[in-house]
Amino acid sequence: MQTRVTISIDSKVYDGLVRTVGLERIGQFLEDLARPLVVDETLEGAYAAMAADADREQQALVFAEALIADGIEAPR
């Protein structure tokens, strides 16, 4: 859900934003800057990104399986 916000900024800052990111992208640019500072979803998002990485998950499984053998003593 999006909410429209009106803010006041210095005209030099506004001109710099228009020059740098374009008039149509100012809102998204400011949201991207603010999100990590005001929305606490970093840990959840990080776990979701890791779980979605199939190559990383496969490597983690291989690593974990290799460690299991280290904890089991062979019968004498």
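How many salt bridges does the structure hold? The structure holds two, a salt bridge being a side-chain nitrogen of Lys or Arg within 4 Å of a carboxyl oxygen of Asp or Glu.

The model is a predicted one, in which local features need pLDDT of at least 70 and side-chain atom pairs count only at pLDDT 80 or more, while totals for chains, interfaces and linings use all residues. Residues are numbered from 1 along each chain as its sequence is written, and side-chain values use heavy atoms, with hydrogens and water left out.

The secondary structure of the protein chain consists of four helices and zero strands, where helices (H or I, at least four residues) and strands (E, at least two) are DSSP runs numbered from the N terminus. Along the sequence, this gives the pattern α-α-α-α. Of the 76 residues in the protein chain, 7% are buried. Here buried means under 20% relative accessible area, exposed means over 50%, and partly exposed lies in between, with a 1.4 Å probe and protein chains only. The protein chain exposes about 7300 Å², and carbon and sulfur atoms supply 58% of that area. Accessible areas come from the Shrake-Rupley method with a 1.4 Å probe; for residues, only the protein chains shown count as cover.

Helix H1 spans residues 11-21, and its buried residues are Gly16, Leu17 and Val21. These residues lie on the same side of H1 because they cover an arc of only 105° around the axis, the arc being that of the directions from the helix axis to the C-beta atoms. Helix H2 (26-38) is included in what covers the buried residues of H1. On the other side of H1, Ser11, Lys12 and Arg19 are exposed.

Asp10 caps the N-terminal end, with a side-chain oxygen 2.8 Å from the backbone nitrogen of Lys12. This is a polar contact, that is, a pair of N or O atoms within 3.5 Å; within protein, one must be able to donate a hydrogen and the other to accept it, and residues adjacent in sequence count only if both atoms are side-chain atoms. Just after H1, Gly22 takes a positive phi of about 95°.

A nonpolar surface patch of about 770 Å² is made by Val5, Ile7, Ile9, Val13, Tyr14, Val18, Leu23, Leu30 and Leu33. The elements that give two or more residues to this patch are H1 and H2, and H1 gives the most, with three residues. Patches are made of residues with over 30% relative accessible area and no salt bridge, with like charges joined within 9 Å and nonpolar side chains (Val, Leu, Ile, Met, Phe, Trp, Tyr) within 5 Å. Val5 is placed in the segment before H1, and at 60% relative accessibility Val5 counts as exposed.

Tyr14, another residue of the patch, lies in helix H1 and counts as partly exposed at 37% relative accessibility. Not counting residues up to four places away in sequence, Tyr14 touches Ile9, Leu23 and Ile26, contact meaning heavy atoms within 4.5 Å. Tyr14 and Ile26 are twelve residues apart in sequence and 8.9 Å apart in space, C-alpha to C-alpha.

The account now returns to the salt bridges. Arg35 forms one with Glu31, and the closest N and O atoms are 2.7 Å apart. Arg35 and Glu31 are four residues apart in helix H2, so about one helical turn separates them. Arg35 is partly exposed at 33% relative accessibility, and Glu31 is partly exposed at 31%. The side chains of Arg56 and Glu57 also meet in a salt bridge, at 3.3 Å from N to O. Arg56 counts as partly exposed at 33% relative accessibility, and Glu57 is partly exposed with a relative accessible area of 35%.
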